[in-house]
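Please look over the sequence and the model shown here.

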2 protein chains.
Amino acid sequence: MFDILRINTVTEQVERTTENSKRFLLGGRTLSSYLVSEEVPAACEPFGRKNKLFFCNGVLSGTTVSSSNRLSIGGKSPLTGGIKESNAGGIVGLRMAQQGLRTIVLEDTPAPDAPWKIIVIGKDKVEFVDGSFLVGKGVYEKSDLLNEKFGDKAGCVTIGPAGENLLFASGIACSDPHGVCSRYAGRGGLGAVMGAKRIIAMVILNDGEVKAEYNDIDAFRSSSKRIITLLKENPVSSKFTKYGTAAMVDICQSLRVLPTRNFTHGTMDGAEKINAQTMYDTIKERGGEGLTQHACMNPCAIQCSNVYPDKDGKLLCSPIEYETMALMGSNLCLKNLDTVAQMNRLANDAGVDTLDCGAAIGVAMEAGLAEFGDDKAAIAMMEDIRNQTPLGRILGSGCKVAAQVLGVRHAPHVLGQAIPAYEPRGTKGMAMTYLSSPMGADHTFGFTLRDEDVPTTKEGKVALSKKFQVIGSRMDAMGVCNFVRYSVRNDMSPLLDLIKARYDVEISTVEFDDFVKDTLRREHKFNGEAGITANEHRFAETFYEITQPETGEVIDITDEECAQARTW
Amino acid sequence: MFDILRINTVTEQVERTTENSKRFLLGGRTLSSYLVSEEVPAACEPFGRKNKLFFCNGVLSGTTVSSSNRLSIGGKSPLTGGIKESNAGGIVGLRMAQQGLRTIVLEDTPAPDAPWKIIVIGKDKVEFVDGSFLVGKGVYEKSDLLNEKFGDKAGCVTIGPAGENLLFASGIACSDPHGVCSRYAGRGGLGAVMGAKRIIAMVILNDGEVKAEYNDIDAFRSSSKRIITLLKENPVSSKFTKYGTAAMVDICQSLRVLPTRNFTHGTMDGAEKINAQTMYDTIKERGGEGLTQHACMNPCAIQCSNVYPDKDGKLLCSPIEYETMALMGSNLCLKNLDTVAQMNRLANDAGVDTLDCGAAIGVAMEAGLAEFGDDKAAIAMMEDIRNQTPLGRILGSGCKVAAQVLGVRHAPHVLGQAIPAYEPRGTKGMAMTYLSSPMGADHTFGFTLRDEDVPTTKEGKVALSKKFQVIGSRMDAMGVCNFVRYSVRNDMSPLLDLIKARYDVEISTVEFDDFVKDTLRREHKFNGEAGITANEHRFAETFYEITQPETGEVIDITDEECAQARTW
């Protein structure tokens with residue numbers, strides 16, 4: 001029995017119904033992409049009346065299984081023009097579970113000048129509350145105001161000024177366990193979809209009383225412990241515990257795929273100034289509120305998050321992740337973690353994705369609006385985004401639009417979404433993944449890099465990317481953190497056993513992967529109907545024409561190979 | 001024998017060859033769209049190495065037939081992402097003919113920081129000349145500098161700062177008979193394609209000695225006279241002689257299709273302040289350089305152009321056309337012709353299309369960046385475009401991109417090209433034409449308005465639009481001014497007789513229309529291969545959802561009807 005709460009943003013009518021299928025059981029991206037593909041006309045405008053915004057928790061939400069409370073947010077993306085699922089940690093999925101909810105759907109779209117509303121969901125109630133006191137404020141202040149009004153244990157989602165102004169790079173910020181809206185469903189512009197619906201925040205009160213029931217509590221406990229053991233034993237996830245994702249800086253620098261100077265290079269002199277060890281040492285040295293091991297949701301045995309403090313030990317930004325260190329660091333030739341942290345904080349406050357904005361600033365620097373390596377100029381551009389100046393709006397629209405407006409050909413994106421922190425000419429596996437993702441360039445979609453014997457060759461990379469598309473998508477498919485994948489990539493039974501113990505529903509590995517593949521098929525089909533053609537599953541032509549200096553490589557992947565990697 | 005001059009912008013190699021087919025005979029859009037569809041890979045990037053820029057004069061270029069010296073410029077459009085033919089008056093087509101040229105092709109694309117060049121074409125020579133002295137200057141100053149260097153009888157094409165910076169709304173300015181680059185191939189962003197090729201100007205010297213030869217000079221003279229008689233007798237074109245296209249202001253106001261307030265309304269209180277009579281009276285009253293009857297090319301029996309003087313009688317802008325009066329006037333609720341003229345002048349100097357920028361400013365006003373009706377703010381926005389500020393770059397990217405960046409849903413465009421000056425909900429014939437044009441929204445493509453018994457109904461409009469798609473395209477197909485169509489719409493023989501008399505080539509009406517339809521088929525096919533789907537042959541959803549106040553109409557044209565109007 002999985003409850004779906006439909007909320008009409010025009011009439012304010014609410015309908016709560018119950019579903020019982022395995023898709024609703026699995027939740028996460030399985031459910032989000034199913035609902036988008038069934039209910040949103042593919043050709044509709046992302047900001048129009050026909051788009052919907054879905055919030056889905058996962059199959060283990062509300063339980064004590066490590067890393068299982070991701071929230072999947074889905075809809076049609078203004079950034080890519082296709083289907084989007086973007087997920088975040090935090091406590092919102094848990095609060096939904098405590099209200100007995102698997103899905104919340106925001107439907108219809110009011111007039112552009114309709115009053116801003118907050119939707120408040122509590123035990124047996126859904127209310128529309130005046131949201132005007134939040135308008136124009138940054139996410140940090142919004143977060144404080146929401147806490148004041150609804151308590152710091154409420155699960156909130158909110159948007160920044162960027163989302164209010166419908167910028168394509170706008171994300172949705174979700175409450176973390178400390179009551180700060182800092183966990184971002186960042187990619188794809190879903191914050192702007194929420195903004196178009198004139199919903200400035202949605203609050204799930206902490207008065208839910210629905211508790212997880214278990215078919216076999218002993219089996220559940222034992223499988224749950226097994227997950228923790230697997231996570232702690234795994235060399236990748238255990239390394240993330242100490243260093244977080246920042247561990248990737250050195251790896252990518254040595255593999256020559258660290259995005260540098262608007263994705264023209266794959267190494268940066270001085271990369272060690274922004275690497276994991278520097279971050280670790282800085283946090284330890286400054287002390288105060290700084291933390292190197294920090295959980296975005298409870299419980300979590302990985303705790304890859306961090307709290308980066310300023311020189312006085314006060315929280316500057318939490319977390320800084322590798323992707324941001326690359327896109328807002330090396331990609332701009334910036335070599336100062338304080339700068340990256342400050343930019344990250346501004347991005348979080350503006351409510352924008354750090355990758356898409358970092359890439360856009362790289363494009364702006366290539367256009368000559370500032371010098372690469374100019375910390376002050378880079379921070380000023382982030383302030384422009386925060387303050388919604390014309391330049392800030394250009395940059396907050398992501399790197400594709402920024403490149404269009406600023407006249408730059410070397411635009412690092414696929415389907416309008418910025419390439420993440422792995423230079424694609426140097427890793428053809430990641431290139432294949434970027435090209436074939438239905439969500440636009442996305443590293444989590446099929447992370448091949450650790451498994452590429454020769455990253456620079458495209459040989460075998462269709463198969464490799466597809467293998468990891470399944471491995472990565474499995475986690476999204478059930479609302480479990482992507483980093484759990486390292487521990488279950490060869491054997492999903494620890495997770496499937498948990499489902500069995502909780503619900504008494506048997507799902508075999510094969511059946512589960514069928515859901516995963518069905519989701520991919522649905523997503524690509526939606527995109528085709530939305531008008532996305534094979535032409536868009538390409539990088540900018542410059543990636544095919546200009547060799548990456550460090551590897552001597554260009555993109556040599558053909559449309560046919562890319563089509564194979566999208567066929568399920 | 002029709003000569004084609006291929007110029008490689010990277011190697012500076014030049015090749016001159018000769019063709020003899022009827023497509024090369026006809027020239028104009030027939031040839032331009034043929035060459036684009038044959039030589040440009042549809043999926044390529046408009047600013048990439050594979051796009052080409054074609055300059056084609058028409059079948060009667062170099063002769064004394066009235067209104068027959070249009071220059072068709074073709075390539076893949078950055079604005080629409082599809083095929084583009086944009087044509088202009090002026091003397092360039094004539095100068096090409098005098099050099100014995102039917103077509104000039106600019107091939108390949110140098111690096112973005114390659115030096116700016118001027119291509120100089122003279123008798124037996126093609127030279128690349130340093131163009132750095134023109135960089136960053138407005139088109140008026142460029143025009144003066146080109147005259148100084150190459151003589152005021154040379155036929156020049158140049159771009160403004162907008163084209164240099166690859167803005168999507170950039171046009172290509174062509175010399176008029178007075179040596180001013182004021183005749184714009186404005187639509188589709190071809191100025192930016194030229195900019196990407198780092199060609200800041202192309203000059204056809206006035207030293208060409210090729211004269212038109214005639215198979216039957218007497219027959220030619222008599223048919224040529226017949227054209228003049230037809231033009232003078234025709235009530236539409238003869239009215240244009242006195243008032244220019246400005247005559248449309250009153251007509252559209254009375255039909256309730258005068259674009260007003262970012263295409264939300266179809267009438268404007270005070271429209272008479274910007275109508276043809278006001279313009280006529282102002283020009284007459286101010287005297288000086290002002291002219292109400294003015295030819296963009298010689299010879300021309302229509303002379304629909306004008307010279308609008310400032311209060312001191314000095315040339316402010318030439319010409320002001322109805323489309324500009326609507327998009328930069330009523331659409332912004334501006335009621336002062338001096339303001340419109342000043343904005344038009346700034347657009348010409350920046351090198352941008354007045355329609356696409358007018359529509360973008362309307363979107364910016366809807367976004368709240370200025371009040372509708374604020375003359376100073378509107379002029380300031382045009383100065384932003386001229387000065388390439390961030391806001392200016394947004395606006396100079398056309399209304400689709402501007403709406404994306406500024407978060408506006410009611411974006412008046414089809415395929416990214418701004419809707420011309422006829423509110424589509426009030427004229428379903430024009431709506432059908434906008435929707436089905438391969439070039440993006442374009443009134444010249446199939447001008448139904450004068451022939452719609454009930455403009456507000458869609459009944460019969462597929463057939464009506466298709467009828468006028470052929471009638472309008474016939475003129476483009478041979479490099480003849482669109483306004484000649486009124487005189488030959490029921491009988492093309494006066495023009496076909498001229499071809500016979502000049503070349504001794506027999507082209508029947510049926511054969512000619514087969515070329516016209518083949519061109520349309522090629523253009524749509526190119527767009528399909530470029531990735532343009534049926535989804536893009538739509539207006540913004542708001543045009544379907546919100547009634548136009550004056551007519552109570554919404555767009556009710558279906559995808560199926562639109563597909564019929566694109567099928568040939």
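Cys357(B) has a relative accessibility of 0% and therefore counts as buried, where buried means under 20% relative accessible area, exposed over 50% and partly exposed in between, with a 1.4 Å probe and protein chains only. Cys44(A), at 4%, is buried as well. This is a predicted model, in which local features need pLDDT of at least 70 and side-chain atom pairs count only at pLDDT 80 or more, whereas totals for chains, interfaces and linings use all residues. Residues are numbered from 1 along each chain as its sequence is written, chains are lettered from A and ligands numbered from 1 in the order in which they are written, and side-chain values use heavy atoms, with hydrogens and water left out.

With a disulfide taken as a pair of cysteine sulfur atoms within 2.5 Å, the count over all chains is zero.

| Cysteine | Nearest cysteine sulfur | Distance |
|---|---|---|
| Cys44(A) | Cys56(A) | 17 Å |
| Cys357(B) | Cys399(B) | 9.9 Å |

Chain A can be laid on chain B with an RMSD of 0.0 Å by a turn of 180° and a shift of 0.0 Å along the axis, the copies being superposed by least squares on the C-alpha atoms of residues with pLDDT of at least 70 in both. That is the relation of a two-fold axis, and in chain A the C-alpha nearest this axis belongs to Pro390(A), 2.9 Å from it.
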